[in-house]
Amino acid sequence: MAIKVFTLPDLGEGLTESDIVGWRVAEGDTVALNQVLGEVETAKAVVELPSPFAGVVRKLHGGPGTTVRVGEPIVSFEVEGAPAPPAAPPEAGYVPAAREAGRREANLVGYGAAAETGARPTRRRRIYGSAEPAAAPAPSRPGAERPRSTPPVRKLARDLGVDLAQVPGTGSNGLVTRADVESHAGHAAPPPAAAAPAAGAGTAARGGGWLAGAQEREARIPIKGVRKATAAAMVASAFTAPQATEFLTIDATASMELLEKLRARHDFDGVKLTPLVLVAKALCLALERNPSLNWRWDEEHGEIVQQNYVNLGIAAASERGLTVPNIKDAHTLDLRALAVALGELADTARAGRTTPAQLSGGTISITNVGVFGIDTGTPILHPGETAILAVGAVRRMPWEYQGGIALRQVLTLSLSFDHRLVDGAEASGFLADVGAILADPGVVLTMV
Amino acid sequence: MSKPGTGPESGGKSGEPFIQLLTPAGVRVADPHFDQWLADIDGDRLQGLYQDMVTVRRIDLEATALQRQGELALWPPMLGQEAAQIGSGRALAPEDFVFPSYRDTGVAWCRGAEYADLVKVWRGNAPSSWDPYRLNMAPMQIIIGAQTLHATGYAMAAKFEGAETATVTYFGDGATSQGDMNEAMVFAASFQAPVLFFCQNNQWAISEPVRVQAQRPIADRPPGFGIRSLRVDGNDVLACLAATRESLERVRSGAGPCFIEAVTYRMGPHTTADDPTRYRDPNELEDWRTRDPVDRLGAYLQSEGLFGEEFRDQVRAAADAAAAGLREACTSLPEPGGLEVFDHVYSGPHAVLERQKDHYSRYLAGFEAAEGGR
């Protein structure tokens, strides 16, 4: 009998880690070669792990949600008659062999293996399960520039558990030298690993029914992926920008009639025309008279950034969660082009193909709660932006019309704004303009 | 030209006709033109084709597992394309020369590639796979469509030398959108090069469906270049075999280049680094499962009384042996030295490379120094 350890391979091209989705075997099970052990999720795909050995599962190194780094143990086996591995690791706390830890990953096409000390923004915060090495480097600051050094020195730092970001470089141009690393390692203990509970895979839906505890009264879903990113963005927004919200209910019958007229025109053939299209156009026009709603508060530099362009974000519910892709330079688009852009944006978001470029650089957003049949709400600002407009459902309601009461198509707009940058007067002016255009599209003639 | 079958949607409008000799249910369809090319396919040979397809499918699945187990860096699965590769591969003569793409494991198997040949590039052990002159098959091309130019050039040279051999190049639907592919067809037609273009239209260029890049069936393009083309059911091993034999005969006889579009389906991911569920409707895969090339020939063998238990056991045992052979060959490949990358760029010494090799060896020595200094 011998213990064999299956270490997590690079399952894509240049990937550095995977999350365990779930196991299909338990400790003590006898498995055959290539029998599926479970599933892991990489940044690219959920894949099945076939067993590289025939034998008995001795240890599963982590449960659903655990993030395992490439080269770290994932399953240990007891294998009949196999030669003992060069150094049989102890039962708990397997440490990957030095050669494994320092191995430079081959990459065939395109993607480079991320250096392990903050060479680029890390996709997720690294969290170690209890079975992981006791002394792991602390997570580097995401996005921080990698300290200048040479590959051999980076390897030395990695082997010694030294975070290069913590080492002052004494070489030319601040280059971190071997001596710097060694002296730092001499009087600085490596920071302890965070012993946080295991975190889970992206969305709960990906886990599959076979691991969900359906009969339990409550289940705990790890907070990860888009949900976690959304939460962080909402917290950042709610607790940095003092937000105020205003409401305006208008008679949008004229806008609905305009949509009908446009739909009948040949130049709008094949273009999806919805109330959102008119709202988006009205917003762009109203911003010309009330530009500060489109500016940005730059706390770090103590400046207000006057953005003379509109990148219009649209909150979109997709299978992967909430995203706010934006239409670049929406203010330059005519109504038809804007309608086409909105349609494409929604299709792309639904298909889960929104690109990072589409998600960044927004200046103002719309959230269309009307599609859910909701009248209105108090939207929370998309982080970094100053205003967000919620569009409610268009309803036929009794309304004052020409001195009497008639059934009219009524719509409620609500606007949340960052009170650091915008005051009630400006926000009100903007909201009133949007409302005036939608109530009577002809009023645009008086504005531009 | 007889067109008994009707193809699924695969570029152009749906239901474009193609050559089919074996229906998805495994019923043999008579064809006045192509049947003569199958005259020698008796029971033994039918069973041989079945064995081939099962074996390459098993090899392909084993290689996919080896990638998941960290033994291969990457693997491009060919699951679903067995009939196109075995049918055409078994139509080739030993002296024909093949310029394949990276997914043509089944063709390499027909050419006599050894287990280690199939995996060593994907393991990162060697910059190239087999000896091209032993198999009469060039190394797998990774650059999409580039091999079509190599094949055309090789075929032109063969013609200038008066050789009566055919050159065959394999590529996918995505490659037909490449400039290289179109240039190759222009040259092949202009010089009447003895080359067969064999397109495995597996419906997906990574995540791009073929209908996006081909408004008409791909087989409709070659005639515009002056190249004769056929559209065959790529999941029908008999249709692929007959059409390839027939086309090769024309090519060898000096009638100019030919083109075959084999309509098939990539049932797996583009490579092991891809997740097709992100872009593909699962119903589509289910539809294609009903057209599975291996099941289809199995059903035909059954109806012919050639599918006994003994035969099936023998097929399974041979496939298992191939999988075990592949695993053993893969895991026992020697680690390449770090400096071997310089060895096969030029046939003789080269001053610039020698200098780079020297620099790189000192760079590698830097790691040893760092490890030694611990």
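This is a predicted model: local features need pLDDT of at least 70, side-chain atom pairs count only at pLDDT 80 or more; totals for chains, interfaces and linings use all residues.
Q: Is the crossing of H4(B) and H13(B) left-handed or right-handed?
A: Residues are numbered from 1 along each chain as its sequence is written, and chains are lettered from A and ligands numbered from 1 in the order written. The helices (DSSP runs of H or I, at least four residues, numbered from the N terminus) are H4 (residues 115-123) and H13 (residues 309-331) of chain B. With handedness set by whether the near helix is turned anticlockwise (left) from the far one by less than a right angle, or clockwise (right), the crossing of H4(B) and H13(B) is right-handed.

Q: How are H4(B) and H13(B) oriented to each other?
A: Their axes (lines fitted to C-alpha atoms over the stretch in contact, with angles from 0 to 180 degrees between N-to-C directions) come within 9 Å and cross at roughly 45 degrees. Angles under 35 degrees count as roughly parallel, over 145 as roughly antiparallel, 65 to 115 as roughly perpendicular and the rest as oblique. H4(B) and H13(B) are therefore oblique.

Q: How many charged residues are in the contact of H4(B) with H13(B)?
A: In contact (heavy atoms within 4.5 Å), residues of H4(B) including B:Tyr115, B:Leu118 and B:Arg123 meet residues of H13(B) including B:Gly325, B:Leu326 and B:Thr331. Ala, Val, Leu, Ile, Met, Phe, Trp, Tyr, Cys and Pro count as nonpolar, Asp, Glu, Lys and Arg as charged, and the others as polar. The contact of H4(B) with H13(B) has nine nonpolar, two polar and, among charged residues, one.

Q: How is H1(B) oriented to H10(B)?
A: H1(B) packs against helix H10 (residues 237-252) of chain B with axes 11 Å apart, at an angle of about 105 degrees. That makes the two roughly perpendicular.

Q: Which residues of H10(B) does H1(B) meet?
A: The contact of H1(B) with H10(B) divides into six nonpolar, no polar and no charged residues. From H1(B), B:Leu46, B:Leu49 and B:Met53 take part, and they meet B:Val237, B:Leu238 and B:Leu241.

Q: Which residues of H2(B) does H1(B) meet?
A: Helix H1 (residues 43-68) and helix H2 (residues 82-89) of chain B pack at about 130 degrees, with axes 10 Å apart. That makes H1(B) oblique to H2(B). B:Leu49, B:Asp52, B:Met53, B:Val56 and B:Arg57 in H1(B) meet B:Glu82, B:Ala83 and B:Ile86.

Definitions and conventions:
Side-chain values use heavy atoms; hydrogens and water are left out.
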